[in-house]
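Subject: Structure handover and notes

Dear colleague,

I am handing over the structure below, together with some notes on what turned up when I went through it. Please keep it open beside this message while you read.

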Amino acid sequence: MNLRYTQVCLHEFGYQLPPVELSSAAIEEQLAPVYARLKLPAGRLELMTGINTRRLWLPGTRPSDGAAAAGAAAIARSGIDASALECLLFTSVSRDMMEPATAAFVHRTLKLSPSCLLFDISNACLGFLDGMVMLANMLEMGQVRAGLVVAGETAEDLVASTLKHLLTDPSLTRKTIKPLFASLTIGSGAVALVMTRSDYLDSGHYLRGGACRANTAHNDLCQGGQNAEQGTLMSTDSEQLLEKGIATAADCWVAFQDCLGWDRDVIDRFFCHQVGKVHAQMLFETLGLDPAKNFETLPVLGNVGSVSAPITMALGVEQGALVPGQRAAILGIGSGINALMLGIDW
């Protein structure tokens, strides 16, 4: 599937960084008995992942809370009245509950119009970019003039359940512990983006299109869920997921270039979903891209699920890494496996 747009504008991002910082060193302090039993060297978590800290919310924070706060910031920065938003998409892995849609809680908090279309989109770490595509399609067709995409990830239960499991299962070995370690790279956060038709409100920042690729033969490499006894747990074959994910992203990159006619030389900045430092290195080597063009937040935020790529772009814009007149590509890779790359004239 190739995507092309002529009428879609991106406005300012809004984001929320949770107040609690959890360092890799602090995690390893909690896991000291496991490290001692399995003779694991201290410092391996940060060394393997490149993550120094990740952020967590205060107890009781729901996905809609962070998403609504980020949405309010995006609306304020865009200069658009909240009542003018005609579509709201909530796109996180995390949800407040099974029913109703988490978008309903965000809609209520932001006091959006009763005529605003709202629903949830779930596609692992790719959800926010999928939300951008869904909203862009409606904008391009003229069904809506302005809309909002939000995501709020809450990693607290996953991190706590993983630590408990590691500390209480004496049968774990150096081999069987590996699928659990990816869960310790996850962090929390929230991000939002206002999008409009250019003939309604022109921001000067344009979504031009992109391409996607699916490789679902490998949908067993990263799976997670909840149960009453163990809480939220996730099992990840990190090595295989790295290999198959990058191969899928490489196919997506070829399709992206064919769709937009852009090559690596015309793109000033890349904003990518972040898993670990080895992933980033191999991704750019495989795609033949300049790693100096990759803006990262991995060391201080970790893997924030669907929030990772957009919040990285939000911080890149805020810090002057992407300025008006430059061109950017944002890449998401989600377990499943799915890849989506979008091109932006900023």
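The notes that follow go through a strand pair with its helix, then a pair of helices, and then some backbone details.

Please bear in mind throughout that this is a predicted model.

I begin with strand β5, residues 87–90, and strand β6, residues 117–120, which run parallel and are joined by four bridges. Within this pairing, Cys 87 has Leu 117 of β6 standing opposite.

In the loop between β5 and α5 lies Pro 100, and the peptide bond that joins Glu 99 to Pro 100 is cis, with omega at about 5°. As background, most residues other than glycine have a negative phi, and most peptide bonds are trans.

A further cis peptide bond runs from Gly 336 to Ile 337, with omega near -5°, and Ile 337 is found in the loop between β14 (327–334) and β15 (338–345).

Turning to the helices, the axes of α9 (residues 238–260) and α10 (residues 277–287) come within 10 Å and cross at roughly 40°, and the crossing of α9 past α10 is right-handed. On the α9 side the contact is made by Leu 242, Ile 246, Ala 249, Ala 250 and Trp 253, which meet Val 278, His 279, Met 282, Leu 283, Thr 286 and Leu 287 of α10. Sorted by class, the residues in this contact are nine nonpolar and two polar, with no charged ones.

Finally, which aromatic rings pair up? With ring centres required to lie within 6.5 Å, the count comes to five aromatic pairs. In one of them, the rings of Trp 253 and Phe 256 have centres 5.8 Å apart and planes at 20°, so this pair is stacked. Trp 253 and Phe 256 are both in helix α9, three residues apart, which is about one turn of the helix.

Technical notes
Residues are numbered from 1 along each chain as its sequence is written. This is a predicted model: local features need pLDDT of at least 70, side-chain atom pairs count only at pLDDT 80 or more; totals for chains, interfaces and linings use all residues. Side-chain values use heavy atoms; hydrogens and water are left out. Two strands pair if DSSP finds at least two bridges between them. Helices (H or I, at least four residues) and strands (E, at least two) are DSSP runs, numbered from the N terminus. Axes are lines fitted to C-alpha atoms, for helices over the stretch in contact, and angles run from 0 to 180 degrees between N-to-C directions. A crossing is left-handed if the near helix is turned anticlockwise from the far one by less than a right angle, and right-handed if clockwise. Contact means heavy atoms within 4.5 Å. Ala, Val, Leu, Ile, Met, Phe, Trp, Tyr, Cys and Pro count as nonpolar, Asp, Glu, Lys and Arg as charged, and the others, Gly among them, as polar. Rings of Phe, Tyr and Trp (its six-membered ring) pair if their centres lie within 6.5 Å; planes under 30 degrees apart count as stacked, over 60 as edge-to-face and the rest as tilted.
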